[in-house]
Amino acid sequence: MRKTATALVITLMSSACAVAMPSRSVPVQAMTAQASIVTDAARAHPGLWPRAASPAAMTDRATEAFVTELMSRMTLEEKVGQTIQADIGSIKPEDLLTYPLGSILAGGNSSPGGDERASADKWVELARAFRAAAAQRPGAKVPLIYGIDAVHGHNNIVGATIFPHNIGLGAARDPDLIRRIGEATALEVAVTGADWTFGPTLAVPRDDRWGRAYEGYAENPEVAQSYAGPMTLGLQGALSADHPLAAGHIAGSAKHFLADGGTTGGKDQGDYAGSEQEMIRTHLSGYPQAIDAGVLSIMASFSSWNGVKHSGNETILTDVLRGPLGFDGFVVSDWNAHGQLPGCSNESCALAFNAGIDMFMAPDSWKPLYASTLAQVKSGEIPMARLDEAVRRILRVKVKTGLFNDSRPVEGHLNELGSPAHRALAREAVRKSLVLLKNEGSVLPIRSGARVLVAGHADDIGQASGGWTLTWQGTGNTNADFPNGQSIWSGIREAVTAGGGQATLSADGSFTQKPDVAIVVFGETPYAEFQGDVDTLDFVPTEPLETLKRLKAAGVPTVSVFLSGRPMWTNPEINASDAFVAAWLPGTEGAGVADVLIGDQAGKPRNDFHGALSFSWPKTAKG
Ligand code: GLC
């Protein structure tokens, strides 16, 4: 069936291309829209889906009237421009004087002047430069909306608070904590001049070999269902009919719609092979809750359902999302995801737009995509009504986000980055995220007056933060890149010393004076997206196990602190440890680990373990 459909599409496309590329003398015919790529196996039936609804405040009368009046003054070029988003690494502010684009993003690897460790001031300057250029363009004045991946704090910015990744937050089971993290993240994003984060991620990872498992809260939907609303409200605040988002709040983008965590073998951007009912049960996740809370945008998933890419599935992006799910914001595609559709390229894809992508994330393809989309509207391949619907949704979100107001009261207040209040919040999150898997002989908590040896990678904030940290992959960072952070080692030393004890850092676990106990910190090194896809869950490095065995042979009790973006098969390490703690990817407040591991002078807990696994721990390396 799919072959026929594809063949049909290619046939249509080739005939359409034949029509679309006429010689100068032949007038362009009004082309029929490219046929749907949806097969029976990937056809969603709206009647099966639960109901949700964007708050009425998103489409209040004054906003809609404003949008209607503005659209009446916009040219076709200005309308099409609203549907195109460019990456700051591929567009200059002055380009906006010619191209009426509606959005820019700072992708995982993009930064001011290509400097991933640029100061926060430079980020503010960048935002202001693009905004000013957009304002100078003649014609209808429509402000840019500038998006960035602030997925565990404002993680692109040196000095920002880096919270635990979602896998650790899922272990905390604390929706109020999530709301507070959303608020803090939004404020740190707003002070640097951005308007919108590509989060929360509502993936429900079902195969931990996926390189993005850590971006999910849990392997079952219940946690995301309890977190999606609070995170949305933390980021955006409650929508109001009378005023836009309050200062310090930003637009959110629930992602990646849909079933991004359900791909076969955990392959990133792969295929979810399952029934519609199962997709609803497991992967609809917290989208209804996010929509009910007013999430202003939703990002379509790279992945496919039964062989059909979501970016081109109108039964998902339009029939379901704008039907029973009642979503009134806009849908943004993922990074050139439209180019993966049959008959499409990064530079041209009416199919995705007609299926329900309102804004193309076209990082480096924005210029030709703008031209092709404009041509497709002129030719009728993209119906004018479809363009108007997308533009209305985008402008509506810009109004609700407050972008038409000149004032940005918190922009430039860079003291909010890594503020004491935000660091304390992150430290609380770290404490609540830790999961105790083993504690033989009650090695934990460690008496604060003890002699403690700390081995492994305890003094590496970058490793503790994981992917999406300053750089896309989270690699190449040193502690100097986290001026407002504290490593796990530093936190342990502080806590032990405060209790009159002694802490020594020894990466290989060697010592001269025998310690009372050794803490060995080890785990995965940072990765993001498909670069983190693995074939098995076996924790391969052997050095930590050798260290644990040496310490055991010397009669030193050991506590393992395991840093990972997913549960892994670590039976040898667990068996060689007296205590074993899953710490996930805690971020820049490593002292939160010591808050739990190091007790008082009597050896009583100062903060007991709170976290509970939100992902199954594997019995075998196959997961
Ligand atoms: C990436 C990711 C998405 C992210 C976007 C912008 O490819 O899939 O989660 O928001 O591009 O960086």
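A salt bridge is taken here as a side-chain nitrogen of Lys or Arg within 4 Å of a carboxyl oxygen of Asp or Glu. By that rule the structure, a predicted model, holds 35 salt bridges.

A local counterpart is found in helix H8 (residues 276–283), where Glu 278 and Arg 281 are three residues apart and so separated by about one helical turn. Their salt bridge brings the closest N and O atoms to 2.9 Å. Glu 278 is partly exposed, with a relative accessible area of 26%, and Arg 281 counts as exposed at 53%. Elsewhere, salt bridges that share partners join Asp 174, Asp 176, Arg 179, Arg 180, Glu 183, Glu 428 and Lys 432 into one network.

H8 also has a covered side to its story. Glu 276, Met 279, Ile 280, Thr 282 and His 283 are buried in this helix. After H8 comes Ser 285, whose phi is positive, near 50 degrees.

The protein is divided into domain 1, made of the segments 2–15, 37–150 and 194–405, and domain 2, which covers 423–597. Their centres, taken over C-alpha atoms, are 37 Å apart. The contact draws 17 residues from domain 1 and 23 residues from domain 2. The size of an interface is often given as the accessible area lost when the parts come together. For domain 1 and domain 2 the buried area is about 1,600 Å², and carbon and sulfur atoms give 50% of it. On the side of domain 1, Arg 117, Arg 209 and Tyr 214 lose the most area to domain 2, together accounting for 40% of what that side buries.

Polar groups are well represented across this boundary. There are 15 residue pairs in polar contact between domain 1 and domain 2, with both residues at pLDDT 80 or more, and the rule finds two salt bridges across the interface. The side of domain 1 that touches domain 2 consists of three nonpolar, five polar and nine charged residues. Arg 209 also forms a salt bridge with Asp 207, the closest N and O atoms being 2.6 Å apart, and both residues are buried. Another salt bridge joins the side chains of Arg 212 and Glu 529 at 3.6 Å, N to O.

The side chain of Arg 566 has a polar contact of 3.0 Å with the side chain of Glu 524 and reaches the backbone oxygen of Asp 208 at 3.1 Å. Leaving aside residues up to four places away in sequence, the residues touched by Arg 566 include Ile 167, Arg 209, Trp 210, Tyr 527, Val 534, Leu 537 and Trp 584.

Finally, several backbone features deserve a look. Most residues other than glycine have a negative phi, and most peptide bonds are trans. A cis peptide bond joins Gly 199 and Pro 200, with omega about 10 degrees; Pro 200 is in the loop between strand E4 (196–197) and H7. The bond from Phe 257 to Leu 258 is also cis, with omega near 20 degrees, and Leu 258 falls in the loop between strand E5 (253–257) and E6.

Asn 336, with phi of about 55 degrees, lies between strand E10 (330–332) and helix H11 (350–355), and at 8% relative accessibility Asn 336 counts as buried. Leu 470 has phi near 65 degrees and belongs to the loop between helix H15 (461–465) and helix H16 (488–498). With a relative accessible area of 3%, Leu 470 is buried.

How values were computed. Residues numbered from 1 in each chain as written. Predicted model: local features only at pLDDT ≥ 70, side-chain atom pairs only at ≥ 80, totals over all residues. Heavy atoms only, no water. Polar contact = N/O pair within 3.5 Å; in protein donor to acceptor, adjacent residues only side chain to side chain. Contact = heavy atoms within 4.5 Å. Domains from an automatic or database assignment. Buried area = accessible area lost by both parts, 1.4 Å probe. Nonpolar A, V, L, I, M, F, W, Y, C, P; charged D, E, K, R; others polar. Buried < 20%, exposed > 50% of the residue type's maximum accessible area, 1.4 Å probe, protein only. Helix = DSSP H or I, 4+ residues; strand = E, 2+ residues; numbered from the N terminus.
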